[in-house]
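Please look over the model below.

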Amino acid sequence: GGGVGGRGVVASASYEARARGLHAGMPLHEARDLCPEAAYLPGRHEEYNRFGERVYDALAEVSPALEQTSLDEICLSLKGCKRLYGVWSARPLARLPFRRAAAGVYYRAEGRAAPPRRRVLLPQECRWVGAVALWVKRLVRARTGLTVSVGVGTNKLVAKVASDFTRPDGLTVVGEGREAQFMAMRSLADIPGIGRVTREKFERWNVRTVQQARRLPVGLLEDAFGAHRGRALHELLRGVGSVEPQSPDRPGSLSRETTFWRASADREFVEGMLFYLTERLGRALRREGLEGRTVQVKVRYGDGLTVQRSRSLAEPTDGDEAVFAVARRLLEAQWRRSRRVRLVGVGLTDLRRARAFQQRLFDDRANRGRRIDRCLDRLRERFGFDVVQRGPAIRLAQEPTESRNLPNVSAMLRR
């Protein structure tokens with residue numbers, strides 16, 4: 001959790017801790033009161049990112065169409081891969097026993113053997129994709145030592161819900177045409193896109209299950225939630241979603257932001273964090289083979305006021321120095337001495353696929369910056385992002401100015 005030594009909240013909890021009532025978002029002081037014998041650990045985001053990248057690289061060997069929706073969730077499409085993996089139906093992986101949750105819905109939990117009476121084999125039409133899913137689990141385990149849960153469906157929505165069905169270390173296969181039946185087995189809280197506010201509105205209508213919500217006419221949903229949102233809810237409840245991952249040729253934007261543990265008025269410290277975030281953004285751009293043209297900087301002050309500014313470059317880039325030069329000027333334009341900064345972020349929009357780089361004949365600065373960025377990417381990929389610090393990011397290792405200038409109250413009391 002964040003702020004293990006003081007205030008903060010639970011970022012994640014093990015299944016043993018969840019059984020004691022702990023959950024993400026719970027204040028740490030409440031968690032300690034509820035379960036004092038638990039081990040409370042600080043977050044290690046660099047390690048999480050490093051392992052997330054290794055999982056992504058392993059899955060990239062399975063399918064060329066991947067979409068990383070979050071640090072620990074990746075969607076991959078097997079469309080067009082039937083000729084590659086269709087022959088897997090006869091392999092031993094496809095003949096491992098499963099349990100049947102309903103007609104066309106099969107699941108398997110590693111380490112928890114199914115009773116002989118409940119063991120079934122996947123039907124022929126599901127065997128090849130089930131074999132690929134089992135191979136994915138074993139591939140990730142061999143490369144990273146991590147266990148993963150896998151959901152198989154005809155679209156991202158069903159696959160996402162299916163991956164949560166048998167956590168941890170499970171596999172769920174939802175056959176084609178069984179999407180609506182599978183979604184009816186889940187609660188409203190399990191459906192992505194149906195949050196607490198939407199559930200509360202359903203409960204005011206005495207609607208508490210997916211089956212009950214399906215009986216609501218689409219016109220009523222459009223009147224209550226708006227035309228677009230109402231139609232989306234109508235489709236979500238029936239397991240209708242996008243089949244393909246988002247096209248990498250038409251990305252929207254990329255950004256990185258962070259919230260300070262304590263609001264800061266130290267301009268050098270905030271600039272150092274902005275440069276660090278710019279480096280993280282640049283690395284993500286180069287990894288995805290993208291470049292952007294419009295730089296955005298977001299600042300949230302201690303009183304909750306949020307300001308965002310943007311400026312377009314002369315040409316798209318993925319270079320750290322070029323993006324930071326603009327981001328720094330945008331930060332200067334919205335810097336307020338009377339307010340402390342709580343959050344800072346940087347992003348790039350107007351993204352497109354990176355073009356072949358033309359080296360400059362007379363301006364070696366751009367060539368040098370590009371070589372440095374690529375060299376640091378290789379070092380950080382091998383040894384972790386913090387293996388090298390450069391530029392203003394070095395200031396992050398120092399204590400902010402206002403903290404250094406504060407008197408040592410405890411020492412004064414001792415005197």
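Asn 155 sits in the loop that runs between E5 and helix H6 (156-163). This is a predicted model. Is Asn 155 buried or exposed? Its relative accessibility is 7%. The cut-off for buried is under 20%, so Asn 155 counts as buried.

One of its polar atoms lies 3.1 Å from the backbone nitrogen of Leu 157. The atom is a side-chain oxygen, and the contact falls at the start of H6.

## How H6 is covered

H6 is mostly covered, with 6 of its 8 residues buried. The buried residues are Leu 157, Val 158, Ala 159, Val 161, Ala 162 and Ser 163.

Which elements cover the buried residues of H6? Among them are two strands, E5 and E6 (170-174). Helix H7 (179-184) and helix H11 (227-236) also take part.

Strand E1 covers residues 66-70, and strand E2 covers residues 73-76. The two pair in the antiparallel sense, over 4 bridges. Gln 68 has Ile 74 of E2 as its bridge partner. E1 and E2 make a hairpin, with 2 residues between them.

## The H12–H13 pair

Two packed helices are described by the angle between their axes and the distance between the axes. For helix H12 (residues 267-288) and helix H13 (residues 320-333), the angle is about 140° and the axes are 9 Å apart. The crossing of H12 and H13 is right-handed.

Both helices supply a list of contact residues. From H12 these include Arg 267, Glu 271, Leu 274, Phe 275 and Arg 286. Gly 282 of H12 is also one of them. From H13 they include Asp 320, Val 323, Phe 324, Arg 328 and Leu 331.

The protein chain has an average pLDDT of 82, and 88% of the residues score at least 70. Confidence is highest in strand E5 (residues 150-152), at 94. It is lowest in helix H16 (residues 409-414), at a mean of 32. Over residues 403-415 the pLDDT is below 50, and this stretch has 4 contacts in the model beyond near neighbours in sequence.

Residues 243-250 also stay under 50 in pLDDT. For these residues the model has 16 contacts beyond four places in sequence. Where pLDDT is low, the predicted coordinates should not be read in detail.

How values were computed
Residues numbered from 1 in each chain as written. Predicted model: local features only at pLDDT ≥ 70, side-chain atom pairs only at ≥ 80, totals over all residues. Heavy atoms only, no water. pLDDT = per-residue confidence, 0-100. Contact = heavy atoms within 4.5 Å. Buried < 20%, exposed > 50% of the residue type's maximum accessible area, 1.4 Å probe, protein only. Polar contact = N/O pair within 3.5 Å; in protein donor to acceptor, adjacent residues only side chain to side chain. Pairing = 2+ DSSP bridges. Axes fitted to C-alpha atoms, helices over the stretch in contact; angles between N-to-C directions. Left-handed = near helix turned anticlockwise from the far one by under 90°.
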